[in-house]
Amino acid sequence: MYEPHPDPVVRQIDEGFASLCRALLQSQIDFDVVDEGSLAEARVEGDTLVVGWRQYEVLIIPPADTLHVRTME
């Protein structure tokens with residue numbers, strides 16, 4: 001659909017993310033992709049991650065080369 005990135009690390013991250021999404025779809029598991037800014041503003045209530053008005057019991061962090069400290073907190 002598009003040209004792969006010339007950097008092998010970026011290509012590996014992109015392929016990992018695509019594979020993760022594909023596996024979730026093939027397993028018929030609903031999921032949302034949440035950007036890092038929204039995740040940094042999220043809060044934890046009990047065992048639930050709350051992002052805006054959405055609540056999540058599971059958070060999967062796909063392959064990445066960097067994340068802001070605030071996001072990880």
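**Strands and pockets of the predicted model**

The structure is a predicted model, in which local features need pLDDT of at least 70 and side-chain atom pairs count only at pLDDT 80 or more, while totals for chains, interfaces and linings use all residues. Residues are numbered from 1 along each chain as its sequence is written, and side-chain values use heavy atoms, with hydrogens and water left out. Helices (H or I, at least four residues) and strands (E, at least two) are DSSP runs, numbered from the N terminus.

Strand E2 (residues 48–51) has partners in both E1 and E3. Two strands count as paired if DSSP finds at least two bridges between them. E2 and E3 (residues 54–56) run antiparallel over 3 bridges; they form a hairpin with 2 residues between them, and Gly52 in the turn has a positive phi of about 65 degrees. E1 (residues 43–45) also pairs with E2 in the antiparallel sense, over 3 bridges, and Arg43 stands opposite Val50. This hairpin too has 2 residues between its strands, with Gly46 in the turn at a positive phi of about 65 degrees.

Now to the open spaces. A pocket is an open set of points, on a 1 Å grid over the protein atoms alone, where a 1.4 Å probe fits, with protein on both sides within 12 Å along at least five of seven lines; lining residues have an atom within 4 Å of a point. The largest pocket has a volume of about 660 Å³, taken as the space filled by probe spheres set on grid points joined across faces, edges and corners. Of its 26 lining residues, Asp32, Val33, Val34, Leu59 and Ile60 are the closest to the centre. Helix H1 (8–26) gives the largest share of this lining, 4 residues. The lining divides into 19 nonpolar, 1 polar and 6 charged residues (nonpolar: Ala, Val, Leu, Ile, Met, Phe, Trp, Tyr, Cys and Pro; charged: Asp, Glu, Lys and Arg; polar: the others, Gly among them).

The second largest pocket holds about 240 Å³. Among its 16 lining residues, Leu39, Val44, Leu49, Leu59 and Glu73 lie nearest the centre. H2, E1, E2 and helix H3 (69–72) each supply at least two lining residues.
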